Amino acid sequence: MLAPVGRTALSNCLGQSLLGVLIFTGVGLGLTGETPPALVPVVAAGILALQLALSRRRLARYRYGPVEWALRAVTNAERPPMRR
């Protein structure tokens with residue numbers, strides 16, 4: 001169940017950070033002072049649920065997440081196959 005999220009861990013970590021910035025800071029919605037503390041874990045669980053669905057869908061068609069693919073390309077100095 002959690003394997004797709006683990007296989008795209010770097011992409012998901014960066015995605016969580018980006019969504020957190022867009023939701024809670026002034027760059028996005030600016031909900032930092034207005035969100036009740038009890039709601040923050042609910043938002044985090046929603047983000048995780050979204051990432052579970054997106055990771056599963058991505059890995060059905062592709063071998064890697066987008067950031068993992070780019071990291072492999074740079075590390076191995078070759079373009080790895082993207083599609084399954």
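Me: Is Leu10 buried, partly exposed or exposed, and what is its relative accessible area?

Reply: This is a predicted model, and the values discussed here are computed from it. Leu10 has a relative accessible area of 36%. Buried would need under 20% and exposed over 50%, so Leu10 counts as partly exposed. Leu10 sits in helix H2.

Me: Which residues does Leu10 touch, not counting those up to four places away in sequence?

Reply: Leaving out such sequence neighbours, Leu10 touches Val67, Glu68 and Leu71.

Me: What does the secondary structure of the protein chain come to?

Reply: The chain has four helices and zero strands. In sequence order the pattern reads α-α-α-α. Helix H1 covers residues 3-7, H2 covers residues 9-24, H3 covers residues 40-61, and H4 covers 66-76.

Me: How should I read confidence, and where is it lowest and highest in the protein chain?

Reply: Where pLDDT is low, the predicted coordinates should not be read in detail. Here the chain averages a pLDDT of 94, and 100% of the residues score at least 70. Confidence is lowest in helix H1, at a mean of 94, and highest in H4, at 97.

Me: What is the radius of gyration of the protein chain, and what would a compact globule of 84 residues have?

Reply: The protein chain has 15 Å, whereas a compact globule of 84 residues would have a value near 12 Å.

Me: What share of the 84 residues counts as buried?

Reply: The buried share is 23% of the 84 residues. For the surface, the protein chain exposes about 5900 Å², and carbon and sulfur atoms supply 67% of that area.

Me: Which residues does Ser55 touch, and is Ser55 buried or exposed?

Reply: Ser55 lies in helix H3. Its relative accessibility is 5%, so Ser55 counts as buried. Not counting residues up to four places away in sequence, Ser55 touches Pro4, Val5, Thr8 and Asn12.

Me: How far apart are Cys13 and Gln51 in sequence and in space?

Reply: Separation along the chain and separation in space are read as two values. Cys13 and Gln51 are 38 residues apart in sequence and 9.8 Å apart in space, C-alpha to C-alpha. For Ala38 and Gln51, 13 residues apart along the chain, the C-alpha atoms are separated by 21 Å.

Me: Where do Gly26 and Ala38 lie?

Reply: Gly26 lies in the loop between H2 and H3, and Ala38 is found in the loop between H2 and H3 too. Gly26 is exposed, with a relative accessible area of 75%, and Ala38 counts as exposed at 63%. The C-alpha atoms of Gly26 and Gly6, 20 residues apart along the chain, are 30 Å apart.

Me: What is the phi of Ala77?

Reply: Most residues other than glycine have a negative phi. Ala77 has a phi near 55°, a positive value in a residue other than glycine. Ala77 is placed in the segment after helix H4. With a relative accessible area of 70%, Ala77 is exposed.

Me: How many aromatic pairs does the structure hold, and what lies over the face of Tyr62?

Reply: The structure holds zero aromatic pairs. A ring can also be read for a charge over its face, and here Arg58 lies over the face of Tyr62, at 4.3 Å from the ring centre.

Methods:
Residues are numbered from 1 along each chain as its sequence is written. This is a predicted model: local features need pLDDT of at least 70, side-chain atom pairs count only at pLDDT 80 or more; totals for chains, interfaces and linings use all residues. Side-chain values use heavy atoms; hydrogens and water are left out. Helices (H or I, at least four residues) and strands (E, at least two) are DSSP runs, numbered from the N terminus. Buried means under 20% relative accessible area, exposed over 50%, partly exposed in between (1.4 Å probe, protein chains only). The radius of gyration is taken over C-alpha atoms; the globule rule is 2.2 Å times the number of residues to the power 0.38. Accessible areas come from the Shrake-Rupley method with a 1.4 Å probe; for residues, only the protein chains shown count as cover. Rings of Phe, Tyr and Trp (its six-membered ring) pair if their centres lie within 6.5 Å; planes under 30 degrees apart count as stacked, over 60 as edge-to-face and the rest as tilted. A charge sits over a ring if NZ of Lys or CZ of Arg is within 6 Å of the ring centre and within 35 degrees of the ring normal. pLDDT is the predictor's confidence in each residue, from 0 to 100. Contact means heavy atoms within 4.5 Å.
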